[in-house]
Amino acid sequence: MEGEGLAQVSAALDVVYNASSSNQARSEAKTVKYKQDAPYWGWQLAHPSHGNNAVVRHFGLLLLQHSIQYNFINYDNNQKLAIKNWIVDLGTSVQPSDPHYLKEKIAILWVAVAKRIWGLELDRAAAATNSSSKSPVANKSSLFNGSNNNNNKHSEELDDDDSNSGNFDSDGWINMDELLVRMWESNPTTRELSLGVWRTLFEDLYILDDPVADKRASSLSAQCIEVVTAEPILNVMYEVPLKSLRKLRFGTEGWLNRWSSVLQECIERGFSDPEVAKFSLKLLQTLRTCLYWIFPLAIREANLLQRLSIALSCDNVDIKILAADCLHVLFTRTFSNDADFQAIIGAVFLPDGMRTLAQVYTSISIDIDHFDDKLYILSKKMVEMIVGLGEYLNLSKNRLPAETDLGQYLSLVLETTRHHSLVISGMSLQFWCSVLRVEKLNGKEQIEKLLPQLLELAAERCIKFEDVSEEHVSRQFLNMDFDTAPDTQVFLGNYRRFMEDIVRLIVCRLPADSMAYLENRMDLFFSSELGWQSLNSPKLEYAGNPAYFLAYSQFILVEAALRGVSRWKIWYNEPDKPQVLQKLSIIIERWCERLIAMSLHDPLLLRKHVQTLVQFAPLLRDVTQLMFRVLEKVLTACTFDYPPDATDDEREVIRDLRTSCGTELNRLAYMMPESLMQIYDDLERVIGETFASNKLSDHEAVAFKSFLLVVSQRSNINNKPEKFAKIVDPVLQSWTDEGTMKGLMDLPWFMERVGIVAIADYFRSRGVTADTDLLKAEMDQVGKDLKSELKSKWSALFPIRATRIFIQYTIEKLDHNSQEYKDLLALWKPRIQPILPHILQLVAQIEAYHNPANWTSLPAEVQSFVKYSCMERFWQVGVSTQTRDQFVDENVRAMHTLRDFADSVGHIIRYTREYAFLTLGSISQLEETMYEIPGMATNLWMALAGDSAGITSHSWRHMISLVLRNVIKNCPVYLMPSFLKEFLPPLLSKLDQVLLEKWEKVMQNGTVLVGDEDDASLSEEMMEEHLLRQLTAIVARLLIDLVGQLGGKAQPESSDPNNPQEVIRKTVLNNKEILAPFLTICTHIMSFRDNRCSFNSCLIMRNILSDILLKDPEVDNFICENVIKTCLDILNDKYFSEVHNEVGYVLTTVYTILRTRYQRPVQILLDQLPNVSGQTVSEFEIRLSSPKSLRQQRGEFLEFLAMARKSDSGDSYDMAKRESQQRKAEKQNEKKKLLTKKKTEDFIEAEEMEASMVNLFDEGYQ
């Protein structure tokens, strides 16, 4: 029989590895692994004594793997013993010539068994210590035939008899430690394998979130501590030794001492020996996995700190990298005992320790022209370790020793900050910001001594590295660090902001000296040849031109310094504050004078120059004459002339300058309204003259009007209502004039107002048909005249932009309980409520315009034109496949053809819609103004989505960000229940329908993305899918707004009736008409093939389950029928492998709670798992119901499903999968090292578009 079995395996192998075999034949051949004797055949094939090649031996290991993964739980005691002993036999028989992957596979299988049985049932095992057991390694006769495996019940009976039979070894594997020690002492090959076993076990238990290890996490952790730690140390740490655990260990030495001793031997032999270096790497890899949980006393006794330090100083780069990793783990772990802290961390801060770190770091030399990846990795590891030590400078507990060489440590960190690699430099920036903020640190002599050097460095690095030449060494390092332009831009933005913050904090600490230094630095630059160029050139080259980016950096430094002085005024409370402030005021006024005296001509530099001048307002608001000169400078820039020969690009830059200066004008109004009110009449006159000169577009004129409005409403005057009415009423009244009302009446009139009729007449005169390529049809003079006429008309097409800006600018940042806000609310409410229906009608007409079904009455050529105008042509960082320059160039070329009509109409309609969205978001901040109108929830939703056929993913995303989320969050608490009951059901149902339809289309075409790709380099065919993923993410963010998310912002412990978030959450969860569509869409998002969104929807679901289960049978039934099935489907789909653990939590929570009342969950399991019997499920539930943590129960569930489906449970058997998990963990760790200026409160990243569009001073939408 044995020969026949091996013959079957041999035949199967021939089929599997024969290139001519069909896929069906291969699948049939692989069924050999389901044979009852497959694990025995696997042992036979894998054993080196049988002379099989590596491929055959690996196949044998796969047979053993399959038996452990899918059948082990149902094996009887003797079968488990056989599997275990066969693996031990393979482990003790490894040969030096065996391929690495075979050794790793044996270690993985060893751990797979150990996770299940090592130390199991120790109490029962102790009762049977005098019994004997026999090894079944060579006795295969009846272990895997039908006689001993009739059914699961018989297996249970065998297990029940185990305590009396003496065969406890399968439960506890009491001698595993002894076996590994013997292997350690036997020969170098088995010694290496023993290291692999421990490393793999520690990774599964502590790092990789392995569900099988999770089931026994507590006991396995205790057992690992027992065998790794020397017995004398355990006697010190535990008053009463755990005798049951003590039975697992072999000898008193403990693995940590063994490893440390051998590490010393390797050090003495030298790492130049390849075999020594190879083994040392394995040893350090194992140490790295356990240094953060082993008793610090054990680490001290093993003398590991000294030995790792020596390894760090060796000449082998690979050894140094792993030694740095180990030390970083050691230095960032917790220490509860001060003696341990002093012996490990304290020792590093002593002069010798600092000297060693400095020597190692400075010895690393990276030549960018002959780049060495390993040296660069080592540099990053070293800096991460060095900076990580800074956490101990501000501890109240575990104080550093008196001999601490703080000065040398700070100098070393500063040296890392100077590194040409901005990624390496950036690792220490958060450290410096923290040190400069903490009073007990920033006053230390060693820190103050370094501040001038740090300020000089920060000032040098406060440049836009995006504009620096590609040949610059820092840019070359960036090219090594980042694959995509968006990632680089995000990093550089954060890097610059951190450097600005360092300047700000140093100025706060040493204001007079720092300001004087920065002022002098600016003078030196603008006195130089480069400075002269920046001041006098009418148009600078930007890319790679230091005359531009160095001048720009001077203004950045001025702003950072001014913010530093503002902080100083709050922070400094010494008796000499008035004298110091007077001195600072002189410097600030002088600096402002010099900036005012500058005359810049380049639009981009002038724009930044104006922004910087406005930043003086908070500090010089009382120096009115000086600030009036700043105002004059701003007003002049607002009307910067367009050169008659300016190119389209140059006109665009100037337009941006004028728009930005309009923003700064309003910023001045916020900062110093009382001072400006003194000259209000003069301002009104000057602005009136400017209007009369026709130098301003309608868009630019709005900024001037809002400036007067803000000044009048934010100052203390008696006639605020009159001033308000004079500015606001003419704009709002235009909503009800005849032209506007007619344009909003129905779609044809709307199209006529937009100019479609005039364009259609012109197209007919040019003979344009539906088949005409507009890009090839040049625009004649008649077309140019029409375009000019329409353009002037479009600038005042509807008063939506002025309406939004007036509302938002007047109420921005006002406390809703303040009298100032209440007075404004009284002015706005009676004005907004009558025009709100018109705003909704405008939105409805724009949505109708995008629906092709509404074009059928139009001529064919006009339909073609309208269709093209509805195509979204936008550029967004990370979304568009083109660069911004390419996008602009293409549009510039189109401007000279007839396509420009379609582009322009499409732009103005989308622009108007965006501002309508923004306006609704602003109106939602006016308390009950919107919400008290009867039927508003329905009317609002119908306007937004009543005609939704033409709404694209991009438009839906904007609608959700700018309208829906704001409308929900800003609803007054007392109106929330009634409004949300009317608003949320159709909203959630529609969004669910939209996502389902779009994802179904993507799935039909085949997904090409995973969901966490970088945003660059997406082909056009990928774009819609990418935008859909963005839409799905913002919908998930909306769901978080409604109920929160596990791990996100904590919910209030007590029920506060006035807490908006709590009221929204309760409204959703306590009303089935809302909860039903909410659960539906949340469940669907879990199943969409986007890992990030699926993961976040799981967190949302986990956050509400305890509040909704067992409260309503209808809700329970829905969750049972939908959530359980969805979870089972996801867990059966390898695409979602990264989400499986979180889905496992959802499934386990739902199942364990609902099973306390219902039988239905069992039936669903049986329906979904047709190969599983009721008896098997009953046995599974017994294991599941044992007193365990949710994490352990999840492990039981995932293992059960894997066994039932013969699918991957997440148990880390596959080396490729383990490596993938490790790479993912390393990648996440690398991302943590990159600068992050702001952390979001939940796991979904904040939508950058939302932040940019809602911000009051966003230049792009003003």
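Which helices each supply at least two residues of the lining of the largest cavity? In this predicted model, the helices that do so are H6, spanning residues 100-117, and H12, spanning residues 188-207. The largest share of this lining, 6 residues, comes from H12.

The largest cavity holds about 80 Å³ of space. In total, the model contains 6 cavities of 30 Å³ or more. The lining of the largest cavity consists of His-100, Lys-103, Glu-104, Ala-107, Thr-189, Glu-192, Leu-193, Leu-195, Gly-196, Arg-199 and Lys-282. By residue class, this lining comprises 5 charged, 3 polar and 3 nonpolar residues.

A packed pair of helices was also examined. Helix H18 covers residues 274-288 and helix H21 covers residues 317-331; their axes come within 9 Å and cross at roughly 15°. Because angles under 35 degrees count as roughly parallel, H18 is described as roughly parallel to H21. The crossing of the two helices is left-handed.

On the H18 side, the contact is made by Ala-277, Ser-280, Leu-281, Leu-284, Gln-285, Leu-287 and Arg-288. These residues meet Asp-318, Ile-319, Leu-322, Ala-323, Asp-325, Cys-326 and Val-329 of H21. The residues of the contact between H18 and H21 divide into 9 nonpolar, 2 polar and 3 charged.

Notes. Residues are numbered from 1 along each chain as its sequence is written. This is a predicted model: local features need pLDDT of at least 70, side-chain atom pairs count only at pLDDT 80 or more; totals for chains, interfaces and linings use all residues. Side-chain values use heavy atoms; hydrogens and water are left out. On a 1 Å grid over the protein atoms alone, a cavity is a set of points where a 1.4 Å probe fits but cannot get out, and a pocket is an open set with protein on both sides within 12 Å along at least five of seven lines; lining residues have an atom within 4 Å of a point. Grid points are joined across faces, edges and corners, and a volume is the space filled by probe spheres set on the points. Helices (H or I, at least four residues) and strands (E, at least two) are DSSP runs, numbered from the N terminus. Ala, Val, Leu, Ile, Met, Phe, Trp, Tyr, Cys and Pro count as nonpolar, Asp, Glu, Lys and Arg as charged, and the others, Gly among them, as polar. Axes are lines fitted to C-alpha atoms, for helices over the stretch in contact, and angles run from 0 to 180 degrees between N-to-C directions. Angles under 35 degrees count as roughly parallel, over 145 as roughly antiparallel, 65 to 115 as roughly perpendicular and the rest as oblique. A crossing is left-handed if the near helix is turned anticlockwise from the far one by less than a right angle, and right-handed if clockwise. Contact means heavy atoms within 4.5 Å.
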